[in-house]
Amino acid sequence: MISANARAVFHSEGPFKLTEIERRDLQPHDVLIEIKYAGICHSDIHSARGEWGPVQYPFVPGHEIAGIVTRVGSEVTKYAVGDRVGVGCMVDSCGECVHCHRGEEQYCLNGMTGTYGSVDRYGQYTQGGYSTCIVVTEDFVVKIPDGLELDVAAPLLCAGITTYSPLRHWGAAPGKKIAVVGLGGLGHMAVKIAHAMGAEVTILSQTLKKKEDGLQLGADHYYATSDPETFKKLAGSFDLILNTVSAKIDMNAYLSLLAVDGTLVNVGAPSEPLPVQVFSLIPQRRSFAGSSIGGIRETQEMLDFCAEHNITPEIEVISAKLIDEAWERVLASDVRYRFVIDISTMMNE
Ligand code: NAP
Ligand code: ZN
């Protein structure tokens, strides 16, 4: 076994404590990655607090991982020692079902293995990237293009791909009117990526506090959802709405903003149900959809797209001892726009 230092919660309410975890010995197709940076995703919080179902403690979150390959298994062909690499939300899948064959491992019919909170094919409970190293099979590792620094590459591994994938799938392009609901980690990436794809982008945020930032990120319009006038003014106007909000919001109000044949894609994942009236959908042939991260091939495509278009997240790099405070700020919608843990500070008290 390979030992790693990590920050874990031992209870649903935290706090984080320094601990040691074990990574498996390298199998022939495994790579050992020294983690340099790990992004903080709101999913880390939902998961660690048991909002999506029971988890095992100690629990090490983190699925936005950027680092350097330090060792490779005997049959590894894709990576070499020294390569700059990333790992996102998945570390394995069956590799045999129709979706794995299509490169959509996130929809694996036998269930993909999450980077944390899953039991892997070796029977080990997976622990995430708030740690000094990780062992991952080469097929679930992506290459970070030279043009991207590791700290800004980290959030792309979840926030980037989770927004890129539905924008591609539902055809973000010139002439398309797209709204992004919630300007947090995912939301701000959605704005940058949709803008780079040529769409007309509107931000729907709770308040106008981040308006200047939002327009700077590439949005064409910005509205506050706390103002009832917003819903009157924008009724029936969008081809696509990407909801990135981590809490329950009134779906029927947002569906009313879709044009005929428009789609509202929910990537935000609150644990509460989001009730939908059928008459929010029927008269305009609207769709209400969901989307999960993106496949490995598409994740590589997204990284290359971001490098080519000079798209990077706005980040606040923090020391490992400040994770609890960063989580509180994420929960208070006080993030501009992704916290990234500098893993070299792991041992600092
Ligand atoms: P985040 O940084 O906390 O952003 C969420 C944003 O939603 C906030 O910044 C805020 O934006 C808005 N918001 C929060 N609470 C709200 C409320 N009560 N009412 C209205 N708006 C509210 O979170 P994130 O990391 O981007 O993740 C967002 C969600 O996506 C989480 O639920 C996460 O689990 C989920 N997720 C899903 C996938 C997937 O594969 N589908 C992948 C990753 C994450 P404003 O201040 O602008 O209003
Ligand atoms: Zn995430």
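Buried means under 20% relative accessible area, exposed over 50%, and partly exposed in between. All views below show a predicted model.

**View 1. Asp261, a residue with positive phi in strand 14.** Asp261 is found in strand 14, residues 258–266. Its phi is positive, about 70 degrees, although Asp261 is not a glycine. Most residues other than glycine have a negative phi. Is Asp261 buried or exposed, or in between? The relative accessible area of Asp261 is 43%, so it counts as partly exposed.

View 2. With a relative accessible area of 59%, Arg285 is exposed, because the cut-off for exposed is over 50%.

**View 3. Gly95 and its contacts.** Gly95 sits in the loop between strand 6 (90–92) and helix 2 (98–101). Its relative accessibility is 42%, so Gly95 counts as partly exposed. Leaving aside residues up to four places away in sequence, Gly95 touches Cys100 and His101. How far apart are Gly95 and Arg285 in space? Their C-alpha atoms are 36 Å apart, with 190 residues of separation in sequence.

**View 4. The zinc site.** Which residues coordinate the zinc ion (ligand 2)? The donors are Cys41 through SG, His63 through NE2 and Cys158 through SG. The distances run from 2.0 to 2.2 Å. Along the chain, the donors follow the spacing C-x21-H-x94-C. The pair Cys41 and Cys158 links distant parts of the chain, 117 residues apart. Cys41 is in the loop between strand 3 (30–39) and helix 1 (42–48). Cys158 is in the loop between helix 3 (150–153) and helix 4 (159–169). Both Cys41 and Cys158 are buried.

**View 5. Helix 4 against helix 9.** Two packed helices are described by the angle between their axes and the distance between the axes. Here the axes of helix 4 and helix 9 (residues 296–308) come within 10 Å and cross at roughly 95 degrees. Helix 4 is therefore roughly perpendicular to helix 9. From helix 4, the contact takes in Gly160, Ile161, Tyr164, Ser165 and Arg168. From helix 9, Glu298, Thr299, Glu301, Met302 and Phe305 take part. By class, the residues of this contact are four nonpolar, three polar and three charged.

View 6. Helix 5 covers residues 185–196. How does its length compare with expectation? At 1.5 Å a residue, its twelve residues should span 16 Å. The end C-alpha atoms are 17 Å apart, which agrees. Ten of the twelve residues are buried. Among them are Gly185, Leu186, Gly187, His188 and Met189. Ala190, Val191, Lys192, Ile193 and Ala194 are buried too. Gly198 follows helix 5, with a positive phi near 95 degrees.

**View 7. Two cis peptide bonds.** Most peptide bonds are trans. The bond from Gly14 to Pro15 is cis, with omega near 0 degrees. Pro15 lies in the loop between strand 1 (2–9) and strand 2 (16–23). The bond from Arg336 to Tyr337 is also cis, with omega near -10 degrees. Tyr337 is found in the loop between helix 10 (323–331) and strand 17 (338–342).

Note on methods:
Residues are numbered from 1 along each chain as its sequence is written. Chains are lettered from A and ligands numbered from 1 in the order in which they are written. This is a predicted model: local features need pLDDT of at least 70, side-chain atom pairs count only at pLDDT 80 or more; totals for chains, interfaces and linings use all residues. Side-chain values use heavy atoms; hydrogens and water are left out. Donors are N, O and S atoms within 2.8 Å of the metal (3.2 Å for Na, K and Ca); water is not among the atoms, so sites may look incomplete. Helices (H or I, at least four residues) and strands (E, at least two) are DSSP runs, numbered from the N terminus. Buried means under 20% relative accessible area, exposed over 50%, partly exposed in between (1.4 Å probe, protein chains only). The expected span of a helix is 1.5 Å times one less than its number of residues. Axes are lines fitted to C-alpha atoms, for helices over the stretch in contact, and angles run from 0 to 180 degrees between N-to-C directions. Angles under 35 degrees count as roughly parallel, over 145 as roughly antiparallel, 65 to 115 as roughly perpendicular and the rest as oblique. Contact means heavy atoms within 4.5 Å. Ala, Val, Leu, Ile, Met, Phe, Trp, Tyr, Cys and Pro count as nonpolar, Asp, Glu, Lys and Arg as charged, and the others, Gly among them, as polar.
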